[in-house]
Structure formats: structure tokens, C-alpha cells
Amino acid sequence: MDAVDERLEDEPVRVQVPGQASAQLLSATGDHAASGLGQWSWAIFEWARNPYVILVTIYIFAPYFSNTVVGDPVRGQAIWGNINGIAGFFIACLGPVLGAIADTGGKRKPWIAFFIAVMVPAIFLLWWAMPGGEGLSILTIAALIVLVAVAFEFSAVFHNSMLPAVAPHERIGFLSGLGLALGNAGALFILCFMLWAFVLPGAVDWSFVPAAPLFGLDAAAHENSRITGPIVAVWMLVFSLPLILWTPDVTGAGVPVATAIRRGVGSVVGTVKKLRHYRNIAIYLAARMFYNDGKTAVLVFGGVYAAGIFGWGVLTLTVYGIVLSVFAVGGGFFGGWLDDRFGSKRAILVSIGGTCIGLVLAISMTPTEIFFFIPYDAATTPPIWDLPFFATLPELMYLIVVIIIAICITAAYANSRTMLARIAPVSKMSEFFGIYALSGTATAFLGPLLVGVATHYFQSQRLGFASILVLLVLGLAGMLFVKEERAEAVD
């Protein structure tokens with residue numbers, strides 16, 4: 001943090017009053033950039049939001065819901081997929097419209113505050129997601145997850161669209177990367193706490209680990225999994241406050257909500273009709289659609305592949321998530337450095353290219369071989385250490401490779417957001433970030449579908465996982481045709 005603080009201080013930004021704009025530097029919109037406090041507060045919103053993704057949608061609540069609440073892992077996975085599909089449908093339909101409404105009505109923070117108010121109680125209610133028909137029904141839980149997923153993505157539309165107005169033009173890449181890094185750091189902090197307080201107790205005999213879950217939680221009643229709801233909800237509420245309090249909003253146009261909605265819908269329709277005038281942006285969004293689906297599939301199936309190939313259990317997968325989160329923090333800063341040093345396009349080419357190479361290396365690891373051709377015999381080779389995870393060389397090598405993938409994927413997220421901020425018309429920034437959200441979710445089924453079909457056809461988990469390369473390579477090829485230049489708005 002000290003290095004980051006020094007970098008902020010090195011820039012000629014004069015922090016006069018919390019939330020007041022810089023007296024010297026201009027943002028990409030041509031107005032005064034936010035103060036250092038305002039910029040940090042914008043980035044901290046990622047710290048507030050990202051733990052929901054890690055704890056609820058990936059590592060703790062999702063497996064608990066699929067395996068325990070539903071009671072049938074196959075049916076549970078199908079239901080979880082349908083939940084995300086329904087959420088994706090709403091996001092695809094309404095994302096661009098909400099972005100256009102923000103452009104028409106002006107202010108972003110009221111919308112962000114509204115979505116926070118929707119998410120916090122809905123996430124908290126997951127505490128009552130219990131198996132055996134107790135507590136919330138499966139349908140109610142599904143409705144809550146859909147509601148939160150939609151609000152989560154829409155909050156990102158308005159948050160992302162603030163970036164060009166908040167950051168000085170030459171610091172957009174750094175601030176975008178800082179946000180991603182803080183988001184992963186927040187998720188890492190909570191994941192480590194959950195591991196120490198609720199997962200490890202009773203599983204290991206370590207002196208620094210409590211003998212039983214904290215706060216008197218009953219593991220038999222799955223309270224150590226259900227507690228993720230209240231923890232994430234309170235965390236999100238508390239750490240959303242800096243953005244609301246200290247990051248300056250754009251000047252509102254004073255347009256009534258009904259008028260903003262009508263104009264916003266009309267603006268989206270007009271933008272779609274005029275996409276031929278935004279050919280460069282269209283190519284970029286199409287390329288991102290493919291590589292983004294690929295990145296998401298790698299994140300989702302990386303643990304699934306390891307669990308199937310190496311037989312990893314809950315404890316190993318939780319530690320796996322913590323390790324990846326640690327290095328993903330560095331990925332955010334790495335992405336910001338790449339962007340500011342070489343530009344957004346080159347940064348994306350590096351980060352997606354690195355993901356492709358990492359995926360090839362990942363599938364080269366099995367319990368009996370390393371890099372496809374080096375044999376390994378676990379029966380005759382002693383474990384690397386006495387720890388109850390990553391005890392064999394192929395497992396450890398797989399972890400190292402996936403660390404590289406995590407760094408590249410996080411960097412790509414930061415670079416992708418910055419790329420759009422650099423090439424979209426300033427006056428239509430939120431609208432294009434809505435379309436950006438659409439391109440990232442409208443085809444989210446492609447990755448899982450491709451992996452599922454390939455795995456079934458080849459009857460190979462390795463070849464199924466490897467099929468993600470198709471999406472990554474298509475996105476990488478598309479980026480070669482994108483120009484890093486700002487488009488002029490078309491009336």
C-alpha cells in the first residue's frame with residue numbers, strides 16, 4: 001500500500017476537501033478529476049463487491065446449495081446453472097438500457113445506492129437457506145440469487161461508467177487495476193477468515209486454529225456455510241459507503257426518471273441502429289465476448305478439473321481459492337502497469353495470450369504425468385510435505401501454472417474495462433458500458449456449453465477443459481483488428 005500511496009502522491013493532484021475535484025488534472029471527460037480520496041473511494045467499491053463472487057458464487061455457498069440444500073449434486077448443478085442463466089437473460093435485456101438511462105439522467109451514485117439497497121438484504125437472507133425443506137424454499141433461494149446477480153451486474157455498469165470522470169486520463173489504467181486488486185484483496189481477506197474460523201476447526205489439529213467454529217456456529221446445521229450470507233452483506237454495506245460519501249458524481253441533468261427511462265430506451269435503440277458507425281467498438285466488444293467467456297470458463301472449471309483429476313476435497317479447494325486470490329491481487333496491479341506502459345490493446349494481448357499458454361500447461365498435469373510426457377509415480381515418490389494439500393509434484397505444478405493464469409485473467413479484466421473507457425464516446429460512456437455488460441453476459445453459456453459438449457464427446461475431462469482455448473484464441477484474434485482510438489458520438 002505504501003508504494004501505491006507514494007504513486008498517488010507523486011501525481012500533481014491537490015486534495016483540498018474530501019470529495020472535491022483535483023485542481024489541476026483533467027479526466028477523460030474533460031472535467032476536473034476526483035481527488036485522491038475520491039479515486040481511492042471509487043476503487044474501494046470493488047473491495048466491497050467482490051467477496052460476494054468468491055464466497056457465494058464460487059467457493060462456499062454455491063457448492064453448499066448444490067450438494068446440501070438441493071441434496072443431489074447433479075440436480076443442484078443444473079438448478080445453479082438455470083439460476084445464472086435467468087440472471088444473464090435479465091442482464092442482457094436491461095443492461096444497455098440502464099446504461100443509457102444513466103447517460104440521459106446524469107448521476108450514477110443514486111443508482112449504485114439503489115442496487116446496494118437491493119443486494120444487502122437479499123444476501124443476508126441466505127442465512128436461512130437450509131436443507132431438508134427448512135427455512136427458505138429452493139425457489140425462494142433461486143429468486144434471491146437471481147435478484148442479487150442482476151443487481152450486482154447493474155451496479156458494475158454504473159460503477160465502471162464513473163471511471164473516465166473520476167480518474168485523470170493518464171491514470172485510468174492504474175485506477176482500474178487498483179480497483180481489481182482491492183476487490184481480490186477483500187475477497188482474500190474474508191476467505192482466509194472463513195477458512196480459519198469455520199472450515200479448518202475440527203479438520204486439523206493446529207494450535208492457531210480454533211478447536212470449534214467461532215461464534216458457536218453449529219457445523220452439523222451447516223451454519224459455517226450459511227454464515228457467508230450475513231458476512232458478505234455487512235461487508236458490502238460498510239465498504240460501499242466511501243464511494244457514496246467521497247467519490248464525486250457527474251452533474252445531473254435534472255431529468256425525471258420516467259423521461260430518463262424513455263430517452264434511455266430510445267438511445268439504446270438508436271445506438272444499436274448506428275453500430276455501423278461504431279465499427280471499432282463493435283469489433284472490440286465481439287472479441288471481448290469470446291475471450292471473456294473463455295476467462296470465466298477457466299475460473300469456473302479450473303477447480304472442477306483439479307477436483308476430478310487430482311481428487312481434491314473441500315479443504316484443498318478452499319486453500320486453492322485463497323492462493324489464487326493472493327496472486328490475483330498482483331494481477332490487478334500488473335494489468336494496470338501493462339495498460340499504462342503499453343496501452344490497453346497490447347495489455348489485453350499479453351494477458352489473454354498468457355491465459356492461453358497457462359491453460360495448455362494446466363492440462364499437461366495429471367497424477368501420473370507432468371508437461372504431458374514426464375512420468376510421475378505417486379506410489380513410489382514420497383509426498384513433498386506433510387500438509388494435507390498439494391502434496392504431490394503434479395498438484396504443486398498445476399497450482400503454480402494456475403497462479404499464472406489467475407494473474408493474467410485479473411489483468412485482462414482491468415485492461416478490458418480500461419480499453420472501453422479509452423475508445424467509447426464520452427457522452428455515451430454508460431450506454432456503452434451497458435453494452436459492455438451485455439457482451440460479457442449474453443453469451444455466458446458458451447464456455448460451459450463448450451466444455452460440457454467436448455467432455456461428453458471425447459469422454460475426457462482434460463479435452464473438455466482444453467476446449468476453452470477455442471474461445472480464448474477467437475477473442476485474441478479479434479483484438480488484432482481493434483484500434484485504440486476514441487470514437488466520435490453519432491447523433
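Modeller: Let us begin with handedness: a crossing is left-handed if the near helix is turned anticlockwise from the far one by less than a right angle, and right-handed if clockwise. Please note that this is a predicted model, in which local features need pLDDT of at least 70 and side-chain atom pairs count only at pLDDT 80 or more, while totals for chains, interfaces and linings use all residues. Residues are numbered from 1 along each chain as its sequence is written, and side-chain values use heavy atoms, with hydrogens and water left out.

Colleague: In which hand does α5 pass α9?

Modeller: The crossing of α5 past α9 is left-handed. Helices here are DSSP runs (H or I, at least four residues), as are strands (E, at least two), numbered from the N terminus. The protein has 18 helices and four strands.

Colleague: At roughly what angle do the axes of α5 and α9 cross?

Modeller: Two packed helices are described by the angle between their axes and the distance between the axes. Axes are lines fitted to C-alpha atoms, for helices over the stretch in contact, and angles run from 0 to 180 degrees between N-to-C directions. Here α5 (residues 109-124) and α9 (residues 228-246) have axes that come within 8 Å and cross at roughly 165°. The two helices are therefore roughly antiparallel (angles over 145 degrees; under 35 is roughly parallel, 65 to 115 roughly perpendicular and the rest oblique).

Colleague: Which residues of α5 and α9 make the contact?

Modeller: Contact means heavy atoms within 4.5 Å. Among the residues involved are I112, I116 and V120 of α5 and V232, M236 and L243 of α9.

Colleague: Is S325 buried or exposed?

Modeller: Buried means under 20% relative accessible area, exposed over 50%, and partly exposed in between (1.4 Å probe, protein chains only). S325 lies in helix α12 (residues 314-342) and is buried, at 5%. Leaving aside residues up to four places away in sequence, S325 touches N184, L188 and L191. Its C-alpha atom is separated by 7.3 Å from that of A187, 138 residues apart along the chain.

Colleague: How many aromatic pairs are counted?

Modeller: Rings of Phe, Tyr and Trp (its six-membered ring) pair if their centres lie within 6.5 Å; planes under 30 degrees apart count as stacked, over 60 as edge-to-face and the rest as tilted. The count comes to 17 aromatic pairs. For W337 and F342, the ring centres are 5.6 Å apart and the planes at 85°, so the pair is edge-to-face.
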